[in-house]
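Me: I've got a chain here and would like to talk through its fold. Can you take a look with me?

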Amino acid sequence: MAGVVSAHTLAVGCPRLDALAFGAEDFISDIGGRRTSEGREVLYARSRVVLAAKAAGLAALDQVVIDIRDDERFRRDAVEGRSLGY
């Protein structure tokens, strides 16, 4: 949670940094939320991390899909992540 709140500061604070990564599962656990297949519960945080990365000229690494057998969910999540700028 603290990483999302401080995403911009972290992104510009270390010249050796190449990328920012968003860990949805850790984030949702930290705030006491629940993951859904739609992912609305992490949209703000996911967007904040990609915005901070891009503003600092860094690569942005998106969340993972932990249900490795759900190819359709993986595809939808990848399309959404790409639409957000990941």
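Me: In what order do the elements of the chain run from the N terminus on?

Reply: First, a caveat: this is a predicted model, where local features need pLDDT of at least 70, side-chain atom pairs count only at pLDDT 80 or more, and totals for chains, interfaces and linings use all residues. Residues are numbered from 1 along each chain as its sequence is written, and side-chain values use heavy atoms, leaving out hydrogens and water. Helices (H or I, at least four residues) and strands (E, at least two) are DSSP runs numbered from the N terminus. The chain has five helices and two strands, and the order is α-α-β-α-α-β-α.

Me: Why is the chain as compact as a globular protein of that length?

Reply: The globule rule is 2.2 Å times the number of residues to the power 0.38, and the radius of gyration is taken over C-alpha atoms. For 86 residues the rule gives 12 Å, so the chain counts as that compact with its close value of 13 Å.

Me: How far apart are the end C-alpha atoms of helix H5?

Reply: The expected span is 1.5 Å times one less than the number of residues. H5 covers residues 71-84, which is 14 residues, so it should span 20 Å. The model agrees, with the ends 20 Å apart.

Me: Which residue just after H5 takes a positive phi?

Reply: The phi there is about 115 degrees. The residue is Gly85.

Me: What share of the residues is buried?

Reply: Buried means under 20% relative accessible area (1.4 Å probe, protein chains only). Out of the 86 residues in the chain, the buried share is 27%.

Note on methods. Buried means under 20% relative accessible area, exposed over 50%, partly exposed in between (1.4 Å probe, protein chains only).
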